[in-house]
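Subject: Structure handover

Hello,

I am passing the structure on to you with this email. My notes on it follow below.

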Amino acid sequence: MSLPKMVRFHPVRLLSSVHHQQQQQQQQLLLFRSITPVTAPRRSMMHSDYRRPGQPRENKFPWQQINFDFSKGLEGIKKHFTLMKNQFFERWTGPQGKSLLDHVLEQNQVVFEFRGPESLEQWSVSSDHEIGGSSEIHLKLGKNNNTCFLYGTLCSTPPRDGETRYSGYCTMRSKQPLAAFDRKKHFDLSNFNSLHLRVRGDGRPWMINIAAETYFTHTKDDVYSYFLYTRGGPYWQDVKIPFSKFFLSSRGRIQDNQHPLWLDKVNTIGFTLGDNADGPFQLELDFVGVSKDYAHTEEFAYELYKRNPKV
């Protein structure tokens, strides 16, 4: 009976393999030390690091931008409870604080009227300067503090940031009206069918934008637009645009699926200039109102697509 052969270890080979492994470990340690550690942004878990081109990066937490002032809190409480009281008693009078008979028979209504510095607080202006462009826009009261004077300079040259491809716009938009405790408040224009403006421009075409309330997140950028052609000169012009002429667009792109504007949930009204004509511009507004034209019976001026047509 033969015994199994004993396995013999060579001490020279064993020591050489151990020495080789130690050398590999030392090389890996040197390699890891030479590589700079990858550090995550300090607020990467709080919100996205995306910022618009041309704007500096803010390294503040959201609660650091809030002014925790006791006197400011008392003013806010007084303001919101006053608004809540007014809304409560307006409901007993009628829609928007008017009697029901006046609301039904009303044919004209002034939504925005510029008669003092406090009227400009309801509007905000913006331009491509926010993304690094060179356009400028300013807002002030006209002569005798009875009009709104919008002026500036348009420049369509895009900023050299490597990201922005198009530029050259200036916008004036009304602020979102708020009810008590910062709840959204809508303009109810369902009793009217036309937008009435009294303007005096310099011959440039403007875009009128109306934003209504949406129920879905992906439709928050939907606006209804139509063109305002100013004729220039020192004379005022009264413009009446039916709401049926406004077409639906989203982020500057006209949508294939068009549908009428919800007039009972209008949020903001704005004016945009972007005609690619570089140079100074000006637009003067007297009032922004709505009217009811009984001769206009059109419901919607554009073709409506049926998703499931009847065969």
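**The surroundings of Gln176**

Setting aside the neighbours within four places in sequence, Gln176 is in contact with Lys184, Lys185, Asn267 and Thr268, where contact means heavy atoms within 4.5 Å. This is a predicted model, in which local features need pLDDT of at least 70 and side-chain atom pairs count only at pLDDT 80 or more, while totals for chains, interfaces and linings use all residues. Residues are numbered from 1 along each chain as its sequence is written, and side-chain values use heavy atoms, with hydrogens and water left out.

Gln176 lies in the loop between strand 5 and strand 6 (194-201). Helices (H or I, at least four residues) and strands (E, at least two) are DSSP runs, numbered from the N terminus. A polar atom of the Gln176 side chain lies 3.1 Å from the backbone oxygen of Lys185. Such a polar contact is a pair of N or O atoms within 3.5 Å; within protein, one must be able to donate a hydrogen and the other to accept it, and residues adjacent in sequence count only if both atoms are side-chain atoms. Trp123 is 53 residues from Gln176 in sequence, and the two are 9.1 Å apart in space, C-alpha to C-alpha. Gln176 is partly exposed because its relative accessible area is 26%; buried means under 20%, exposed over 50%, and partly exposed in between (1.4 Å probe, protein chains only).

The secondary structure of the protein comes to four helices and 13 strands. Seven of the strands form an open sheet in the order 2-5-12-7-8-10-11, with antiparallel pairing. Strand 2 (123-127) and strand 11 stand at the edges with a single partner strand each, so one side of each has no neighbour in the sheet. Two strands pair if DSSP finds at least two bridges between them.

Strand 12 (residues 266-273) is largely enclosed by the rest of the structure, because eight of its eight residues are buried. Four bridges join strand 12 to strand 5 (residues 170-174), and these two run antiparallel. Cys170 stands opposite Leu273 in strand 12. Strand 7 (residues 205-212) is joined to strand 12 by six bridges, again antiparallel. Val266 in strand 12 is the bridge partner of Ala212, and Thr268 is that of Ala211.

**Gln258**

Gln258 is found in the loop between strand 11 (253-254) and strand 12. Gln258 counts as buried because its relative accessibility is 7%. The side chain of Gln258 reaches the backbone oxygen of Gln255 at 2.6 Å. Neighbours within four places in sequence aside, Gln258 is in contact with Phe247, Leu248, Phe300, Glu303 and Leu304.

**Surface and totals**

Met84 is in helix 2 (residues 70-93) and counts as partly exposed because its relative accessible area is 35%. Together with Phe70, Leu74, Ile77, Phe81 and Phe181, Met84 forms a nonpolar patch on the surface, with about 640 Å² of accessible area together.

Accessible areas come from the Shrake-Rupley method with a 1.4 Å probe; for residues, only the protein chains shown count as cover. Of the 311 residues in the protein, 32% are buried.

Regards

Technical notes: Patches are made of residues with over 30% relative accessible area and no salt bridge: like charges are joined within 9 Å, nonpolar side chains (Val, Leu, Ile, Met, Phe, Trp, Tyr) within 5 Å. A salt bridge is a side-chain nitrogen of Lys or Arg within 4 Å of a carboxyl oxygen of Asp or Glu.
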